[in-house]
Amino acid sequence: MAQVSINDNIMDLVDGKPVLKGVRCKDCGNYVFPVQKGCPKCAGADMEPVQLGDRGKLWAWTIQGFPPKAPPYLGEADPAKFKPYGVGYVELPGEVKVEARLTESDPALLKTGMEMQLVADSLSTDENGDEIVTYAFSPVN
Amino acid sequence: MSDVAIVGIGMHPFGRHEGVTGMEQGAAAVRAACKDAGVEWSDIQFAFGGSMAAGAPDTMVSQLGLTGLQFINVMNGCATGGSALFSAYNSIMSGAFDLGIAVGFDKHERGAFRIESGNKSGRDWYGGSGMALTTQFFGMKINRYMDQYGITQQSLAKVASKAFRNGSMNPMAWRRQPFTDDEVLQSQMLSYPLTQYMFCSPGEGGVALILARADQAHKYTKNPVYLKAAIVRSRRFGSFEVLAPSLAIEHSAGPTIDASKAAFEMAGIGPEDVDVAQLQDTESGAEVMHMAENGFCEHGEQEHMLANGETEIGGRFPVNTDGGCLANGEPVGASGLRQVYEVALQLRGGAGERQVPNNPKVGYTHVYGAPGISGVNILTT
């Protein structure tokens with residue numbers, strides 16, 4: 001079974017690891033995720049594609065405690081099988097804060113400022129039998 | 001032109017109404033507002049109407065009467081009601097019209113809002129990954145805020161129990177059963193640290209407000225309420241907003257702070273002058289944070305204000321006297337106008353069992369919502 005990126009416009013899968021695709025403003029250096037054409041900081045329109053970093057610090061977090069509606073959700077939405085998952089913003093140094101799923105869902109084990117690593121997170125299987133993979137952050141022990 | 005007055009208010013009860021369309025609820029609110037002002041629908045010169053999920057508002061003329069009036073639809077997320085009111089206010093201030101109406105209504109499906117991105121290329125990765133939920137933003141923002149300013153989960157429960165207590169005294173409210181702090185805390189954890197009873201739900205309802213030139217207000221009512229400020233603001237770079245796949249490293253104040261400052265400046269008064277306030281309480285934490293963001297206290301002061309009951313109806317600074325979004329639910333198109341309806345009722349002394357004592361003279365309303373927008377109104381007797 002192959003793994004496929006949830007959307008090639010926002011991330012590539014390289015050797016099973018996600019690489020996030022953002023843009024950097026050539027005028028002011030501001031980063032945005034995902035790719036967009038204009039700069040929200042300086043109103044410039046000259047954005048270059050960049051790969052974002054894969055390590056950062058947890059800035060804010062919560063736990064998704066109920067199954068999201070499907071569609072659009074691609075993960076397990078059956079209330080009987082659903083498992084809560086973390087969601088947070090991870091600050092990539094010098095770049096941007098990225099919103100992400102978190103692999104940890106125990107509030108006692110999440111703390112603002114903790115070091116986080118980008119990882120692949122499998123959601124479900126598509127019509128070709130391929131595994132749909134999104135990105136997540138995992139606490140670094 | 002000196003001012004704009006609200007001379008008629010009308011509301012269709014909030015909640016769930018099987019077999020009644022959102023637009024019928026809006027039309028019922030319009031009829032109630034006309035009756036309150038003692039005018040006919042045919043007297044209304046213009047309308048601004050808002051609805052997110054219940055149809056194009058201007059088609060309601062087929063229910064109300066085809067008078068040929070100017071009817072403009074407004075869709076501006078959670079600030080739809082505030083935007084309709086802003087537009088109506090300025091239509092009168094400009095001198096173009098003497099009498100008009102702002103109307104909002106909605107009818108949403110059960111459960112959290114279903115938000116799909118409409119990606120043109122590839123899968124809806126944001127919704128697909130389970131991040132297109134406004135509830136997560138509220139959980140993240142209050143979780144961080146509690147850490148920074150020492151707000152406890154007990155305070156979040158107090159906000160919710162107050163809302164349901166106030167709602168139990170409001171015949172127009174959806175949720176009218178009081179809950180204790182413990183019941184709120186023990187309900188299902190939806191988005192840590194927020195439990196089910198700390199969240200409002202999308203719902204149904206309609207509100208209409210009739211506005212007139214202030215110098216003609218006494219033709220319609222003996223107790224006009226004057227609209228002293230109507231402001232809508234969007235977000236600036238660096239603010240922390242709902243449904244944002246990324247945020248800037250830099251941090252700046254959100255649109256509520258900007259809208260609040262502009263509104264106080266426009267009205268020429270300060271937070272200390274406000275006698276009753278309706279603040280966006282999508283969930284308990286939002287009310288707590290919005291008390292400070294709107295300038296009514298310092299960050300962190302909410303903890304002792306709530307412990308002392310200062311935001312109760314009989315307290316120093318009553319907040320969400322009609323039960324807020326928590327007890328009324330959030331029909332997006334109508335929600336902001338509900339706040340203004342409640343403040344007008346309070347300033348007229350007509351809020352019955354939940355009337356704020358000592359003749360409140362200045363009221364304040366505030367909405368916040370996706371994608372980072374805020375609307376503030378200030379009203380006086």
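Which residue stands opposite B:Gly49 in strand 3 of chain B? The residue opposite B:Gly49 is B:Asn73, and the strands that hold this pair belong to an open sheet of nine strands in chain B.

This is a predicted model, in which local features need pLDDT of at least 70 and side-chain atom pairs count only at pLDDT 80 or more, while totals for chains, interfaces and linings use all residues. Residues are numbered from 1 along each chain as its sequence is written, chains are lettered from A and ligands numbered from 1 in the order in which they are written, and side-chain values use heavy atoms, with hydrogens and water left out.

**The sheet of chain B**

- The nine strands follow the order 3-2-4-7-1-8-12-11-10 with mixed pairing, where strands (E, at least two residues) and helices (H or I, at least four) are DSSP runs numbered from the N terminus.
- Strand 3 (70-74) and strand 10 of chain B stand at the edges with a single partner strand each, so one side of each is left without a neighbour in the sheet.
- From one strand to the next, the twist averages 20°.
- Strand 2 (residues 46-50) of chain B runs parallel to strand 3 of chain B and is joined to it by five bridges; two strands count as paired if DSSP finds at least two bridges between them.

**Helix packing in chain B**

- The axes of helix 5 (residues 134-149) and helix 9 (residues 284-293) of chain B come within 9 Å and cross at roughly 60°, the axes being lines fitted to C-alpha atoms, for helices over the stretch in contact, with angles from 0 to 180 degrees between N-to-C directions.
- In this contact (heavy atoms within 4.5 Å), helix 5 of chain B contributes B:Lys141, B:Ile142 and B:Tyr145, and helix 9 of chain B contributes B:Gly285, B:Val288, B:Met289, B:Ala292 and B:Glu293.
- The axes of helix 3 (residues 80-93) and helix 12 (residues 332-348) of chain B come within 5 Å and cross at roughly 65°.
- B:Thr80, B:Gly81 and B:Leu85 of helix 3 of chain B meet B:Gly333, B:Leu337 and B:Val340 of helix 12 of chain B.

**Backbone features in loops**

- The peptide bond from A:Ala70 to A:Pro71 is cis, with omega near -5°, and A:Pro71 lies in the loop between strand 6 (55-64) and strand 7 (85-91) of chain A.
- Another cis peptide bond joins B:Tyr192 and B:Pro193, with omega about 5°, and B:Pro193 is placed in the loop between strand 5 (189-191) and strand 6 (194-195) of chain B.
- B:Leu243, although not a glycine, has a positive phi of about 60°; B:Leu243 sits in the loop between strand 8 (225-234) and strand 9 (246-247) of chain B and is partly exposed, with a relative accessible area of 26%.
- B:Asn320, also not a glycine, has a positive phi of about 55°; B:Asn320 is found in the loop between helix 10 (302-307) and helix 11 (324-328) of chain B and counts as buried at 2% relative accessibility.

Note on methods: Buried means under 20% relative accessible area, exposed over 50%, partly exposed in between (1.4 Å probe, protein chains only).
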